[in-house]
Amino acid sequence: MQRKAIFSLRKSVLALVLAAMGVCGVRAQDLKSFEQRITTKVLPNGLTILICERPEAPVFSFATFIDAGDVNDPSGASGLAHMFEHLAFKGTSQIGTKDYAAEKIALEKVETANDAYEAEYLKPVGRDEQKLAELKKAFLAAQTEAEKYVIPNEFTEVAQRNGAVGLNAYTALDETVYFWSMPENRLELWAWLESGRLSDTVPREFYKERDVVNEERRMRTDSSPTGRLFEQFLATAYVAHNYGRSGVGWPSEVGQITATEAMEFHKKYYVGSNIVVAVVGDVKAAEAMPMLERYFSKVPGGPKPEDMTTVEPKQFAEKSVIIREQTQPFYVEGYHRPNYRDPDNSVYDAISDILSNGRVSRLYRSLVRDQRIAAGAAGFSPFPGEKYPGLFAFFAVPLPGHTPTEMREAIHKEIDRLKTTDVTDAELQMYKTRTRADLLRGLADNQGLANALAEYQTRYGDWRELFLELDRVDKVSKADIRRVANQVFVDSNRTSAEIDTQPAAIQGAKGGAQ
Amino acid sequence: MKVQLIFAGFLIGILAGGANLRAQSKPWERIAAPPLHAFNPHQPQRIELKNGIVLFLQEDRELPFVSGSVLIPGGSRDETTAKTGMIGLYSGTWRTSGSETMNGDAMDDLLAAKAATIETRGDNDSTSLSWDSLKGDTDDVYGLAVDLLFHPRFSAEKLQLAQQQAATGIVRRNDSESGIAFRESAKLVYGADGPYTRQAELATIGAVTLADLNAWHDRTLRGKLIVSVSGDFDAAAMEAKLRATFEPLAAVKPLPAHKEAIAETKPGLYFINKADVNQSNIQIVGLGTDRHNPDVPALAVMNEILGGAFSGRLFQKIRTEKGLAYAVSGSYGYSYDHPGMFRVTAMTKSASTVDATKEAIAQISALTDRPYSEVELKRAKDDILNSFLFQYDTRDKVLAERVRLEFYGYPADYLETYKAAIEKVTLADVTAVAKKYIHPDKVAVLVVGNGPEIKPGLDELNMGPAQPIDISIPRPQQEKKQ
C-alpha cells in the first residue's frame, strides 16, 4: 500500500501521456485498433467497467480508479482517504474473519471505547489523566477482543496465492487507485475479491493500521529533507484549497482519525458513479463482461459526490519558505496554473518538455551543462494534482559550493527567455514527436494501460481522450508558449522554498555516532 | 448463477458447523480457476559468432520500435580502489562525449528529434550501451550506436561534468537516512573496502583521468560481448546487420574469473546518529549465497515465509500485529556470481526502536527454532509458483532473462529447472537450509536514528554497547564547506 511519493512517478507518467497526444500518422490507426479491443459498460449502480483485450500472454492487470483522494478529506481529518485505502486490504465480512457476526459487535465496542478515550483526551480543560489512562486501557482491551476474530491479511494472502503480483494501491490528492496483475484464469476470483472490498469493507484492525500510516508519514515526510521541504512548500503556496494540506495528513489529525470516519468516507465516495474499473490483458469482453457485471453490481449506487466549492483565490503576493538545517541545499518554486480541463493544458506540457526533458532540455543545458551550478533541474506540472488548479513547479539541485539563490536566478533567466523569445521550430517539433512516441511506448504494458484508461475514462468520461487530445497538442504554437509563460510566470504568482545549509553544530556535527 | 452459488456455499458452511466451519465457509474457494490459456513464451534466437560474441534476436511486432543493447563484462568491482567511482564516470562520460564523428551534444539533438535514445550505463559487473528508436529510424540509430561503441571520444569537459555530478552525490549521501542505513550495513558484511561496498570519495573520483577511461574501454571491449535486439524487425535482415558489425572483431578475451575475498561479517550492534529524523532505520545483516548453490530453491521458499509482502512472518508480526512499521522486509540474498546479503529491514518511530529490533531478531531466530507448518509451506510455494508466469509474460522479459543467464554462464533452461526445484521443496528442506544458513549470533545489527529520542535505549537489546560508525565525508578541499 504505497502512498504516492511527492515526486510521483505516476504523475510524471500522466504528464507524458497527457502530452503524448501529439500522435500524427499513427493516431487514427491506433484509436481504431483500440476501438475494436475496448468494451465499456456502465452498470445500473453507475460503476463503469472497461475491458481492453490484449492477449499477448495469459495474464491481466486491473486498475480500480476512485475519483476521490485526500483532497476530499474533511476538515480536521487530513489523511482520511489514505487511511481508508489501507483499510481496503483488510478484508470483508466474508474474508479475513473467523466469525463476522461476533466481530461486528466487537468492532462497535472498539469505536465506543475510542470515542470515550478521545473525548477525555481532547478536553480543553480539566482532563483527568488517570481516567484517560483507564480509557486507553479499555480501548486497547476492546481492540484485543476484536482481534480474536481476525484472520490477518487473508484478503491479500488469497490474491497472492493465486498469482497476484504488483499488488498495491496509492492515494493521491485527486484519486485512490487499487491495482495488481494476475494469471487470466483467476479473473473471476479477482472480481469476487475486488467487488467485495469495494462494497463490503470492514474497519478491521483500523487503529493498528493507523500506527502503520503514522510510520509511513515519518518515513516519507518527517525524516526526509525533501519530504519536509515539499510539505512546507505546498502549505505556503495554498491559502484556501486542500492542495495545500498534507496529503498523508498532519500528525495530530491522522493520529485521531476513527474507523467510523473512514467508513463514512467510504459510504460517500465509494459509490458506483465515482468508480471506474479497467481490465487489460488476455480477457474476452463478450465472456467476461456479464460475469464482471454480476459481481460489481454489488457496489452501492448513489449520486456522484458533490464537488468542492473552494477555489484557490488569486495569489497577489510572492511567498517564500526557508528551511535552515544541516542537510544539503535544494530549491523549488511554483506558480499557480489552471487545472487539466483548461484549453492551454497541452501548452503547459510543451513548456515542461522543452524545459526539462533530457539532455537537450533548456534547464539541463543551462544550469547543468553550461553554467555548471546544478546537478539537475526541471520544471514539472501540474503539481500536486490535476483535478483542481495546481502549480507549475521548478526545482534545482545545487552542485557543491552553489546556492539556492543561484538556482533561482538561473531558473528565472530561462523563464524570461520563454517570455521574450519564441521557442524554436525544432524544439516544438521535438516535443510533438517525442510525446507521440511515448504514448505508443506505453501501450505495451497491461498495468500502465489499465491505469491510463481508467484515468481518462474518469477525468474525461471517455478513454478515447487518451488519443483524441492529440489534436490540442498538435495545435500548440510558439505564440501559445509565450502567451502562457507571460500569463503565469509572474513574481506575484510565485511561491518558493529552499533548504539553506547551516554549518554543523559542534557535537555530532559530522553525522557520526555518539 | 455464480453469485448464488457463492452464497449457497457460504450458508452450507455455516450449517455444517463444527471444527471445520472455516474451511467450508471460504466462498472464494468455490470459484474454480479454469485451465490457463496455452502459452509458450517466445524464445529469442541465439547466434554465437566464431569470435565468441553472442547475439540474441527477439522479434516483437506489437509496436513499431526497435531496441538493442551491447552488454560488456567488467564493472565497478573491477576498478582500482584508489579510483573508486571510475565506472560511474566512464559510463556517464562515454555517452555525453559522443563519438569521433559526432559529439555528445549533437547526438542528443539528433536523437531527441527522432524520439530515440542511446544510453550507456555502468554496473558492478558490467557496462552497457543500449538504444531504442521508432522502427523507421532503426538504421540511423543503430549506426550511431555502433559508432559510439567503437569510436568514443571521451572529452575532458564531459569528464569534468561527470565528476561534478558525482561529487554532488557524495556530499549529499548523508542526507538520506535509508541511504546511510543500506550503505553502512552492506559495509558491515562485505567490508568497507570490499568490491561491492567501497564508496567513491571526492579524492577517488578526482583521481580519474581520460586515460583511465580510454584504457578501460579498450580493455573491456575485447571481452565477450552479448548483443541483444528486440522489436519490430525482420530477423534475417537484423542478423545480417549485426554479423556485419560484430563478426570482423577479434576472438574475445574473457576477463579473468572474478574472485574476491569477502571479509567475515562483523557481528554486534552498531549505531549512527541522525539528528533530523523521528524514525529509526534498523538493518540486520549477514552474508548470503549465490545462485549456483543448490539450496537456493529452498531458501527462496524460506524467504517467502520470512519476508513475503503481506503474508510473511515479518510483515504479519511487525506491521500487522504490532503496528510498529510501514516498511518491513527480509530475505536471504543470492546473486548470480557472488554471495548476496542476508538482510532484514524495519523502519519504526524512535521510541519503538528497541521493540522493533527485538521483534525482528526474534523472527530471525524463529527461522531456526520455530517449526514451519505445512500451511506456511503451501502458501509460500503457491505465492511463488502461481505468479511464476510473470517471470516471462513479455518478450522483453524473456530476452532479458536469456541475456542474464548467458552473461553469468547459467543454462538457458534455468528458470524451468528452478521452478521444478521449488515445486519439490519440502518442510524438511526449509528447516535444513534455515539451520544451515541462518545464524542469529553472527548477524550485525545497525540502527540509524535520532539518538536522544531512542528510549528505551539500545542497551536494552543486551548486545553490549553500540559501536559508533563514522560516516563523515572526507573533504580534500576544506574551503568548500558544503
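Mentor: Two residues are in contact if their C-beta atoms, placed from the backbone, lie within 7 Å. By that rule, 72 residues of chain B are in contact with 71 residues of chain A. This is a predicted model, where local features need pLDDT of at least 70 and side-chain atom pairs count only at pLDDT 80 or more, while totals for chains, interfaces and linings use all residues. Residues are numbered from 1 along each chain as its sequence is written, with chains lettered from A and ligands numbered from 1 in written order.

Trainee: Which element gives the most to the side of chain B that touches chain A?

Mentor: That is α6(B), with 7 residues. Helices here are DSSP runs of H or I with at least four residues, strands runs of E with at least two, numbered from the N terminus.

Trainee: Why are α13(A) and α20(A) called roughly perpendicular?

Mentor: Their axes, lines fitted to C-alpha atoms over the stretch in contact, with angles from 0 to 180 degrees between N-to-C directions, come within 10 Å and cross at roughly 90°. Angles of 65 to 115 degrees count as roughly perpendicular, so α13(A) is roughly perpendicular to α20(A). Among the residues that meet are Val347(A) in α13(A) and Asp480(A) in α20(A).

Trainee: What makes α7(A) mostly covered?

Mentor: A residue is buried if 20 or more other C-beta atoms lie within 10 Å of its own, exposed if 12 or fewer, and partly exposed in between. In α7(A), 12 of its 13 residues are buried, including Trp190(A) and Trp192(A). The cover includes β3 (59-66) and α12 (285-296) of chain A.

Note on methods:
Parallel < 35°, antiparallel > 145°, perpendicular 65-115°, else oblique.
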